[in-house]
Amino acid sequence: MPIISTKQMLLDAQRRKYAVPAFNIHNLETIQAVVEIANELRSPVILAATPSTVRYAGADYLLAIGNAAASRYDIPISLHLDHSEDFDYIKMCIDLGYKSVMIDASHESFGENIRKVKRVVEYAHQRGVTVEAELGCLMGQEDDIDVSQKDAMMTDPDLAKTFVEKTGIDSLAVAIGTAHGLYKSEPKLDFKRLQEIRDKVKVPLVLHGASGVPSKSVQESIKLGICKVNIATELKIPFANAVKHYFLSNPNANDPRKYLTPGKNAMKQVVIRKIKMCYSDGKAE
């Protein structure tokens with residue numbers, strides 16, 4: 001089957017109290033590493049691509065690879081446009097065939113965030129596409145969005161309720177103490193805040209910035225309502241390190257099939273751990 005939207009994926013995760021892993025991918029090899037392991041573990045999976053990744057690889061190329069993966073394996077697979085700020089760019093991806101998008105206007109005022117998100121929701125829902133938005137800002141850099149520590153802010157539970165009701169979004173990314181990139185010390189997640197958000201908001205909740213967050217903290221957040229967990233940096237580093245190591249050991253190497261394979265295998269080891277982290281017993285089925 002072709003790629004699907006994230007709607008039923010996340011609603012099932014919400015009902016059964018697990019989280020769907022969302023891995024930031026960049027090319028054929030990173031997609032292969034993610035979907036091959038997801039298939040082995042029988043887990044639904046979200047292939048997340050930021051606007052710069054889509055520009056780098058080509059929106060049509062990524063869509064074709066995503067559909068090829070979805071046709072090859074009988075697990076739910078979604079290709080998700082992550083952290084896009086541009087309505088026209090989101091519209092282009094939806095018109096091309098993307099079934100899941102994120103409009104990130106979290107750095108805007110509350111009213112402007114609602115206005116921009118609502119515009120995307122109205123366009124996407126008419127075409128069967130699910131929409132994720134964010135309230136509160138995560139510190140760190142994601143694609144072209146860079147949030148300093150002084151500008152980072154937590155999600156307000158009462159505003160979250162209003163935000164969801166006024167926008168009609170399908171899932172909400174919340175700021176509870178995570179950040180994009182790697183952490184200098186162990187992050188302290190605000191579980192009390194998460195519980196308050198969960199009590200007021202009925203749509204599935206999303207945890208961004210999960211790279212480097214201890215598994216026990218992620219699993220606690222899942223118990224409290226997180227239905228989608230985003231992982232990016234924690235995949236890129238072992239992939240890059242494995243490729244570097246290969247060239248140090250083989251300085252005259254020039255065959256991409258040989259030097260990219262170690263990177264893909266290193267990434268697979270992380271994917272295994274992160275998928276198992278999303279289930280209370282470590283098993284998707």
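Biologist: Where is the place of serine 106?

Modeller: Serine 106 sits in the loop between strand 4 (100–103) and helix 6 (110–125); helices (H or I, at least four residues) and strands (E, at least two) are DSSP runs, numbered from the N terminus. This is a predicted model, in which local features need pLDDT of at least 70 and side-chain atom pairs count only at pLDDT 80 or more, while totals for chains, interfaces and linings use all residues. Residues are numbered from 1 along each chain as its sequence is written, and side-chain values use heavy atoms, with hydrogens and water left out.

Biologist: Why is serine 106 called buried?

Modeller: Buried means under 20% relative accessible area, exposed over 50%, and partly exposed in between (1.4 Å probe, protein chains only). Serine 106 has a relative accessible area of 6%, so the word is buried.

Biologist: And what makes lysine 17 exposed?

Modeller: Lysine 17 has 58% relative accessibility, so it counts as exposed. This residue lies in the loop between helix 1 and strand 1, and its phi is positive, near 60°.

Biologist: Which strand holds histidine 83, and why does histidine 83 count as buried?

Modeller: Histidine 83 belongs to strand 3. Its relative accessibility is 2%, so histidine 83 counts as buried. Histidine 83 also has a positive phi of about 50°, although it is not a glycine. For background, most residues other than glycine have a negative phi.

Biologist: Which residues of helix 1 are buried, and how do you know that they line one face of the helix?

Modeller: In helix 1 (residues 7–16), they are Met9, Leu10, Asp12 and Ala13. Seen down the axis, these buried residues fall within an arc of 160°, so they line one face of the helix; the arc is that of the directions from the helix axis to the C-beta atoms. Gln8 and Arg15 are exposed on the other side of helix 1.

Biologist: What do the buried residues of helix 1 pack against?

Modeller: Their partners are strand 1 (20–24), strand 2 (45–49), strand 3 (77–84), strand 8 (171–174) and strand 10 (226–231). Contact here means heavy atoms within 4.5 Å.

Biologist: Good, now the helix pair: which residues of helix 7 and helix 8 meet?

Modeller: Pro157, Asp158, Ala160 and Lys161 in helix 7 meet Arg193, Glu196, Ile197 and Lys200 in helix 8. By class, this contact has three nonpolar, no polar and five charged residues. Ala, Val, Leu, Ile, Met, Phe, Trp, Tyr, Cys and Pro count as nonpolar, Asp, Glu, Lys and Arg as charged, and the others, Gly among them, as polar.
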